[in-house]
Amino acid sequence: MMRSNTSGPSTSTTSPTTTTTTTTTNTSTSTTTSTPNNNFYFLALTQKGIAQVLNPFSSSQSFLGFQRVENISTSVPTQVYYWEEVPVGASIKYMFMPLNNGTVFIINTTNFKVVKTLQVGSSTGFIGVAISPNGDYAAIADGPSGEVLVINMQTLQTVWSQKFVSPTGKTYYPCDVRWTPDGSELLIPMRFNNSIDIISASNGSVLLVKPTSLGSQPYMLSPNEQGTMVAVEFAGNNSVGFYSLPNLQLLGMVQMPKGMTPQRGVFTPNGQYYLEAPSNNDTVVVISTSNFQIVKEIALPQISPAGLADIEITPGGSYAYVVIHGSVSAGGMIVLISLSTLSVSYTLPLTTAPAIVIPISQSMGTYLVDQVMLPPVTGLHC
């Protein structure tokens, strides 16, 4: 479907003023202390299509089991590489394995067999999947093709699909998609349209287009749990913008320090901070949402190549976990950051390169390890 011209930069909506908030770094910051919730495992999909169950709290038995889901070749750049967001605590029958060439494998979580393959796009680039808050639908956005679609999680049928392209056929590059907390709308950054769009989750219609400054290139975003604010990563000017929901009024703009390139962030459960994971530096930047100042930089173990892939919140809200891709030859790492102290609590080095990491219940992990997966192999590479 061709995107209407009224949804592009020529709309009469006023562009926000791109004032920059200066940063104050390395100050000591803490939140309320509580007993941490460690009752979960991680399910990781590696860049080469291997599923692993991991215990982040055991230094001696962290790798519990594995299974090759799809035999992805060692050729680059075809990889499981980007991200999938699953609501914390959701019990889902299927999960998605997006490849950065537009292919998406749908996997049955009880036996880890591929039950369906979607060809969303055909070019290398950003692709992401987000499961709705109630677990009933999955939204997929493929930047290179400009396509956004919603899948029914029970039938695996496409509910609607729309292509966001210019009148000349150039993709607006929707390289991320996130649900609003109530599940009624989708938030999408249109990188090459320099806009943030709100889309109806039920039919794909465009509800609001918020133009950003020329060349700003919004390419990732995350809403807070309260549904009152969304943070947007900008590739064109290495900054993070904060906007109100649902009207997308600019609240503040934070320039990243030291040449860091913002990629993915997450709000703490209480909405007090936004934790930004740069794509080119092993540091998590903590931003206060009360004054839009950088209040702390959390140094992580150095991985080559440097740069973080994803950051999300664990069940119970005790930690943020950071996924570091690393490389297919040297492996990567998962790092848990305590939200009570805003410091590193656990590190989980991996001989594989993790791509998508999802917290799962310990019971589900035990079932997979005992009934589906193979026992761990020392030195397993992806």
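Which residues have the most contacts inside the largest nonpolar core? In this predicted model, local features need pLDDT of at least 70 and side-chain atom pairs count only at pLDDT 80 or more, while totals for chains, interfaces and linings use all residues. Numbering runs from 1 along each chain as its sequence is written, and side-chain values use heavy atoms, with hydrogens and water left out.

The answer is F96, M97, F112 and I140, in a core of 45 residues. A nonpolar core here is a set of buried Ala, Val, Leu, Ile, Met, Phe, Trp, Tyr and Cys residues joined through side-chain atoms within 4.5 Å; buried means under 20% relative accessible area, exposed over 50% and partly exposed in between, with a 1.4 Å probe and protein chains only. Leaving aside residues up to four places away in sequence, I140 touches, among others, F96, V104, L118 and V177 (contact means heavy atoms within 4.5 Å). A second, separate core has 21 residues, including Y273 and I311.

All 6 of its 6 residues are buried, so β14 is largely enclosed by the rest of the structure. S195, D197 and I199 point one way, and I196, I198 and S200 the other. β14 pairs in the antiparallel sense with β13 over 6 bridges and with β15 over 5 bridges; pairing takes at least two DSSP bridges between two strands. I199 is the bridge partner of L186, and V209 in β15 that of D197.

Technical notes: Helix = DSSP H or I, 4+ residues; strand = E, 2+ residues; numbered from the N terminus.
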